[in-house]
2 protein chains.
Amino acid sequence: MKPQGKVLVAQGGGPTAVINQSMAGVVLEARKFANIERVYGAYHGVAGLIREEFIDLTQETTANLEMVANTPSSALGSTRDKPDLKYCQDILRVLKAHGIGYFFYIGGNDSSDTVRIVSEEARKGNYPLRCIHIPKTIDNDLVGNDHTPGFPSAARFVAQAFMGANLDNASLSGVYLGVIMGRHAGFLTAASALARKFPDDGPHLIYVPERTFSIEKFLEDVKRTYDRYGRCIIAASEGIHDESGVAIITKLSAEIEKDAHGNVQLSGTGALADLLCEQIKSKLGIKRVRGDTFGYLQRSFMGCVSDVDQREAREVGEKAVQFAMWGDRDGSVAIRRTGSYAIDYQLVSLESVAGKTRVMEDELISACGTNVTDAFHAYLRPLLGSDMPDAHRLRANRVTKLLAG
Amino acid sequence: MKPQGKVLVAQGGGPTAVINQSMAGVVLEARKFANIERVYGAYHGVAGLIREEFIDLTQETTANLEMVANTPSSALGSTRDKPDLKYCQDILRVLKAHGIGYFFYIGGNDSSDTVRIVSEEARKGNYPLRCIHIPKTIDNDLVGNDHTPGFPSAARFVAQAFMGANLDNASLSGVYLGVIMGRHAGFLTAASALARKFPDDGPHLIYVPERTFSIEKFLEDVKRTYDRYGRCIIAASEGIHDESGVAIITKLSAEIEKDAHGNVQLSGTGALADLLCEQIKSKLGIKRVRGDTFGYLQRSFMGCVSDVDQREAREVGEKAVQFAMWGDRDGSVAIRRTGSYAIDYQLVSLESVAGKTRVMEDELISACGTNVTDAFHAYLRPLLGSDMPDAHRLRANRVTKLLAG
């Protein structure tokens, strides 16, 4: 039995700079097919879906879709809901009532798990439904993907921010610490390495959640760097934890917010940066210590985007529709690297992606644990896109001193 | 007696995105004059000056100077030193020893005061020295200037950041608070207003140091906004204080760092944002409350710059040299607005600028105290430069619900 002619697209999880490219890719591609009667969008992901909060994107202009595609954050709104079986059955009930034959959900590993359950339930109930998960996450933690749309633009923001922070710190010296998003995967924090150009440029120390964090070791690292360069730039992931997996922020802080899934709140607070800076000041006696928490700036900053990311985010949306229309199975669109730099798209099984978390592979992290390897540079550089800014220095043509001894 | 043929340029205070434009403007313009033998740059402002730490910028290429001009932060390095009379006499001694006839200092109101004292001491000692102060500060707090170089680019960063934060918050709702630099002047915080496009866009509340801050009133404002829009975006200046002038951060926090001048550390810590968020959570019972402190990102972010700011920062450097060469007095280069949008440069007396602080004029702040006026929009918009990003929304062509009652 062929799916009915209505398409539904929705966006889940944290917004990115390019998630609307994928939405526009779905809508514009789906509208080309003669058997597609309507393309709906659900407000606020699955949360709006079960409340039937739909808009008709068949009645949206191509010009506006293109402008929205270039606007960061989720234009349809998003949700943090993580549906269980019952929730997914409600989703299916709404899809059936509206005659939806094609369901596209743009999101991370939680969203892919939702698509997996809905797909299964539709099959069990003999409802003809094509379900496709479209990848998105700044954390770059989806398995089976070379990288995920949204990550390259966020990585570009982090690299550009550290270029500036490095120059700022060089002009006034001291210690600078930037805390970057990433609970389990350190890709985004590691992106700070691409800010470096000259041999003494920061970040000098990079801490990712893939490696155990020790306060004592951290203070030694900072002291050694500060003694060497007279300054020190640090990039730390919000998810850094000790050997028993306890988040450093909980070790150093008293009141911690937890979300519905029992996850500690890591973003939207400057606590971790402040606590680490306090350690450096009190234990090492360094006076000028400054901490910034990049927070929400890094995922939705208007005007810092990778053109490679934009293009690929558009393509995963388009490919999702093509896989749905010309293929005969549900799945998740995955980005595979086929050259340097070239990619292709595959439809992989929902089971292979759903609910799993990728972390940085060992070969991307240097042996010392506080730096990245050349392999990481080779991996990330092409993703950042064109027209990356470049920092320049004056040449040191020293003038001979006349007064000093 | 004519000044001798050596030029010295230095940079003081906090870096900006365009301070190197002014340095390049001085160097490139000075190198055109036949009577100029050498153009020196001092490392780390007056701190390097008194240690005779000079580089010869006559031996720097034009190509590299142009690239450095486009690089944010102070390429010569900077300093927080605020020289007294003795310090300024040391400066003069070094200038004399090296036969410096022209001294250009790029900085804020503290730097202009240094230039004032050095100028006076040279005159008293009958040393022929032309001293020119070149304006720079992201705080926009120099008197006698329509605006100061560095402010437009930082303002652009703040506006772009709030565009993204507004979109991010709209997709997941809750309360978002961004803390922005500015101890006494709220210009940069007020720039967040230019992020708004649609009537319900944030920031919904803007708190500047020009108005007294009351926690009770703040919580009422947030509640009213949240009840109305289901979300709330707040821009707050780091310098907000109560009716007796006590900084809110000191009222809410225990351990506070003070600098050499007795100023409380406001930047490089997320404490104020965290403390205000904590108040909203505990007093208003709102669950998703997120605070970002823009910190150093806002003044040195690589890749967010106003082209108007770049051009003007270059011109104040060039004009400084022209005023020095063709004029017969010391002074500070000031930007005056002559049209919408057109500016001109004047050389004003050092006394009129030195050590004084401009704050936002009353007509720029709305009567309610938590918004800006149309006059502020008219003032700031042309400074942000060309190619400002623009946010777009999907049109709400609602689909009729079929299941819900």
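A residue counts as buried here if 20 or more other C-beta atoms lie within 10 Å of its own, as exposed if 12 or fewer do, and as partly exposed in between, with C-beta atoms placed from the backbone.

## Model and conventions

This is a predicted model: local features need pLDDT of at least 70, side-chain atom pairs count only at pLDDT 80 or more, and totals for chains, interfaces and linings use all residues. Residues are numbered from 1 along each chain as its sequence is written, while chains are lettered from A and ligands numbered from 1 in the order in which they are written.

Helices (H or I, at least four residues) and strands (E, at least two) are DSSP runs, numbered from the N terminus. Two residues are in contact if their C-beta atoms, placed from the backbone, lie within 7 Å.

## Two copies, one axis

The same surface serves both: 100% of the contact residues of chain A recur in chain B.

## The chain A–chain B interface

The interface joins 69 residues of chain A to 69 residues of chain B. Several elements of chain A give two or more residues to their side, including strand E2 (38-42), helix H4 (85-97), helix H10 (271-284) and strand E9 (289-293). H6(A) gives the most, with 9 residues.

For residue classes, Ala, Val, Leu, Ile, Met, Phe, Trp, Tyr, Cys and Pro count as nonpolar, Asp, Glu, Lys and Arg as charged, and the others, Gly among them, as polar. The chain A side divides into 32 nonpolar, 23 polar and 14 charged residues.

Thr269(B) makes contacts across the two chains. It touches Gly270(A), Asp274(A) and Gly291(A), not counting residues up to four places away in sequence. Thr269(B) sits in the loop between helix H9 (248-252) and helix H10 (271-284) of chain B. It is buried, with 27 other C-beta atoms within 10 Å. His44(B) is 225 residues away from Thr269(B) in sequence and 24 Å away in space, C-alpha to C-alpha.

## Domains of chain A

Domain bounds come from an automatic or database domain assignment. For chain A, the assignment gives domain 1 (6-149 + 305-353) and domain 2 (151-303 + 361-384). Their C-alpha centres lie 32 Å apart. Domain 1 gives 20 residues to the contact and domain 2 gives 18. The domain 1 side has 8 nonpolar, 8 polar and 4 charged residues.

## Nonpolar core

A nonpolar core is a set of buried Ala, Val, Leu, Ile, Met, Phe, Trp, Tyr and Cys residues joined through C-beta atoms within 7 Å. The largest has 260 residues. Val158(A) and Val158(B) have the most contacts inside it. Leaving aside neighbours within four places in sequence, Val158(B) is in contact with Ile180(B), Leu188(B), Ala191(B), Ser192(B), Phe294(B) and Gln298(B).

## Strand E1 of chain A

Strand E1 (residues 6-11) of chain A has 6 of its 6 residues buried. In a regular strand the side chains alternate between the two faces of the sheet. Both faces of E1(A) are covered. Lys6(A), Leu8(A) and Ala10(A) are on one side, and Val7(A), Val9(A) and Gln11(A) are on the other.

Two strands pair if DSSP finds at least two bridges between them. E1(A) runs parallel to strand E4 (residues 100-107) of chain A, joined by 6 bridges. There, Tyr102(A) is the bridge partner of Val7(A). E1(A) also runs parallel to E2(A), with 4 bridges. In that pair, Val9(A) stands opposite Gly41(A).

## Backbone details

Two cis peptide bonds deserve a look. One joins Ser340(A) and Tyr341(A), with omega about 5°. Tyr341(A) lies in the loop between strand E10 (331-339) and strand E11 (342-348) of chain A. The other runs from Gly202(B) to Pro203(B), with omega near 5°. Pro203(B) is in the loop between helix H7 (187-190) and strand E7 (205-207) of chain B.

Ser73(B) has a phi of about 75°. This serine lies in the loop between helix H3 (62-69) and helix H4 (85-97) of chain B. Ser73(B) is buried, with 28 other C-beta atoms within 10 Å. Asn140(A) has phi near 60° and counts as buried because it has 29 C-beta neighbours inside 10 Å.
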